[in-house]
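Please open the structure in your viewer and keep the selection panel at hand. The tour below goes from one stop to the next, saying what to select and what is found there.

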Amino acid sequence: MKKYILPLMIVAAMTFTSCNDYLDINSNPNSPGNEESLSYELIYPGVEMAYAANVGDYLRSCAGYLSEYYAQQFGTSNYIVFTQFQPTQARTSVFYTQFNLRVISNASIVRKKAEAAGDWATNLAATVMSCAAYQDLIDMYGETPYSEALNTDNPMPKYDSGEAVYAGLISELDDAISKVSDQKQVGVTSFLVPDATAADWIKVANALKLRILMREHNVVNVSSQLQSLISQNNFPTADVQWAGCWQNASEKANPFYSEEFADWGAQKNAILNCALEVTMSAYNDNRLPVYFTRSQYDGGIHGGVSGDNNNGAAAPFSTTAYWSRPNMAYDSPVDFISLAEIEFFLAEYYAENGDFNAGAQHYSAAVNASFASAGVDGAEAAISAYPFDTENWKRSLGVQKWVHFGCVNTFQGWCELRRLKYPSFDASVTGEDMYPGGQNFSITTSILTPGYLYTPYKSYLEDNELAQRFPYSNASENTNDNVPEFPGFTEPIFWAK
């Protein structure tokens with residue numbers, strides 16, 4: 001499988017115009033580079049694009065199957081174990097290496113060099129990228145090296161708890177924000193926040209702080225920090241994403257498009273999952289044909305069932321043309337933090353504090369922002385189908401947040417699915433009920449209740465259980481005696497307990 005890897009030694013010139021000019025699939029990720037001899041202006045763009053390549057492609061795929069956004073294309077098997085809720089070590093270890101070497105390590109060099117130059121705006125941008133990568137590592141694995149991670153004299157750093165890492169990230173972000181002047185121009189090329197001042201990056205940093213604090217706030221007392229952050233109301237007012245920088249060429253296009261759809265080596269794995277199809281079709285959600293393609297066979301929207309790939313299916317079910325697939329183009333954006341995500345968090349915050357009017361307003365703003373990002377109308381129908389229920393507002397938020405992330409950011413969708421625990425499972429329907437298997441192919445999705453998940457046709461876990469984490473990286477296990485014992489796929493991350 002072709003993967004995007006960012007070299008440790010960034011050799012691209014700043015005259016390049018494409019995001020993926022900072023990607024090199026032929027670089028050895030384990031070989032030392034000479035970053036210390038490079039300027040931070042050359043290193044920083046590669047930090048961003050390493051992050052975008054990981055969350056925009058392979059992590060998008062893995063989380064898409066674990067969240068029942070995607071099912072496996074019939075007759076192929078690359079991600080079949082993920083559809084069975086088994087995120088194997090062989091498939092997931094890449095994230096540990098890529099985030100640590102490509103993002104965190106290089107961001108550390110940028111931060112040191114920017115600090116020495118008094119470029120506090122660039123220091124803030126690099127801090128945001130590093131903290132985002134660390135949060136993702138916790139949200140994947142539950143624990144990760146942090147306090148000793150960048151000590152090159154220690155080949156076996158300890159694994160820090162998720163709570164400790166989250167607290168450290170907030171401290172890092174607060175410290176970086178405190179050192180900048182609002183209108184100071186960022187001294188490096190950024191594809192995520194082009195032509196930005198420090199004021200722009202402060203807003204992005206605040207949005208990341210909101211994600212961190214809201215994800216942990218039910219198990220860690222961060223109420224004063226949340227209250228202070230939300231009272232400032234200094235968040236981005238538009239989606240923060242890598243957009244307008246991709247080109248229709250190998251190594252320069254949207255990473256997921258290159259992996260799944262491009263003429264230069266597409267894998268053709270992901271199709272729409274019937275769980276998302278049933279939920280969105282129930283109220284004729286106009287985002288559905290934007291998120292996923294119509295069938296080339298009959299123009300309909302067709303989703304498959306998790307847990308099997310039915311190699312024995314006959315045409316048209318055995319053909320890619322029959323199924324609805326993620327609607328991707330070479331220039332599709334890669335999400336960092338969406339406006340809808342911010343509004344969903346604000347709705348949750350106010351609801352938990354008993355201000356249901358403000359909660360409902362932010363909930364409506366979130367759904368409207370999601371539809372606006374998709375470029376369609378119809379938000380009112382979605383809100384009517386899942387109104388802001390003051391008795392069970394968490395389900396209202398959970399279902400609509402899950403739908404929003406279905407094409408925007410599947411990894412954040414998996415995180416919030418585990419944390420909010422909505423959509424929940426339809427205990428009366430399993431994948432076997434909808435799809436009996438065998439040569440006589442048929443799928444009966446009408447028996448699945450909209451707004452619910454289902455146990456896959458074949459599942460590695462017990463019925464009505466989600467995969468909660470990835471196994472620790474084998475790259476770390478092979479070299480670090482401090483790797484904890486794996487607690488199992490069903491052990492929740494600290495914020496989901």
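Begin by selecting Phe336, which counts as buried because its relative accessibility is 1%, where buried means under 20% relative accessible area, exposed over 50% and partly exposed in between, with a 1.4 Å probe and protein chains only. Before going further, note that this is a predicted model, in which local features need pLDDT of at least 70 and side-chain atom pairs count only at pLDDT 80 or more, while totals for chains, interfaces and linings use all residues. Residues are numbered from 1 along each chain as its sequence is written, and side-chain values use heavy atoms, with hydrogens and water left out.

**Aromatic pairs**

A search of the whole structure gives 35 aromatic pairs; rings of Phe, Tyr and Trp (its six-membered ring) pair if their centres lie within 6.5 Å, and planes under 30 degrees apart count as stacked, over 60 as edge-to-face and the rest as tilted. Helices (H or I, at least four residues) and strands (E, at least two) are DSSP runs, numbered from the N terminus. Tyr51, at 3% relative accessibility, also counts as buried.

Next select Phe411 and Trp414, whose ring centres are 6.2 Å apart with the planes at 55°, so that this pair is tilted. Both residues lie in helix H15 (residues 410-420), 3 residues apart, which is about one turn of the helix.

**Helix H15**

Among the buried residues are the charged ones Glu416, Arg418 and Arg419. Just after H15, look at Lys421, which takes a positive phi of about 65°.

**Charges over rings**

Select Lys401 with Phe345, where the charged end of Lys401 sits over the ring of Phe345, 3.6 Å from its centre. The term applies if NZ of Lys or CZ of Arg is within 6 Å of the ring centre and within 35 degrees of the ring normal. Then select Arg91 with Tyr79, where the charged end of Arg91 sits over the ring of Tyr79 at 5.0 Å from its centre.

**A histidine in a loop**

Go to His217, in the loop between helix H6 (198-216) and helix H7 (223-232). What does the side chain of His217 make a polar contact with? The partner is the side chain of Glu352, at 2.3 Å, a polar contact being a pair of N or O atoms within 3.5 Å, where within protein one must be able to donate a hydrogen and the other to accept it, and residues adjacent in sequence count only if both atoms are side-chain atoms. The side chain of His217 also reaches the backbone oxygen of Met214 at 2.5 Å. His217 counts as buried, because its relative accessibility is 16%.

For the second largest pocket, select Tyr291, Pro333, Ser373, Cys407 and Val408, which lie nearest its centre among 19 lining residues. On a 1 Å grid over the protein atoms alone, a cavity is a set of points where a 1.4 Å probe fits but cannot get out, a pocket is an open set with protein on both sides within 12 Å along at least five of seven lines, and lining residues have an atom within 4 Å of a point. The pocket holds about 370 Å³ of space, a volume being the space filled by probe spheres set on the grid points, which are joined across faces, edges and corners. Its lining has 9 nonpolar, 7 polar and 3 charged residues; Ala, Val, Leu, Ile, Met, Phe, Trp, Tyr, Cys and Pro count as nonpolar, Asp, Glu, Lys and Arg as charged, and the others, Gly among them, as polar.

Finally, there are 3 cavities of 30 Å³ or more, and the largest cavity has about 80 Å³ of space. Select Val55, Gly56, Arg60, Val334 and Val408, the closest to its centre of the 13 residues that line it. H1, E6 and H15 each give two or more residues to this lining, and H1 gives the most, with 3 residues.
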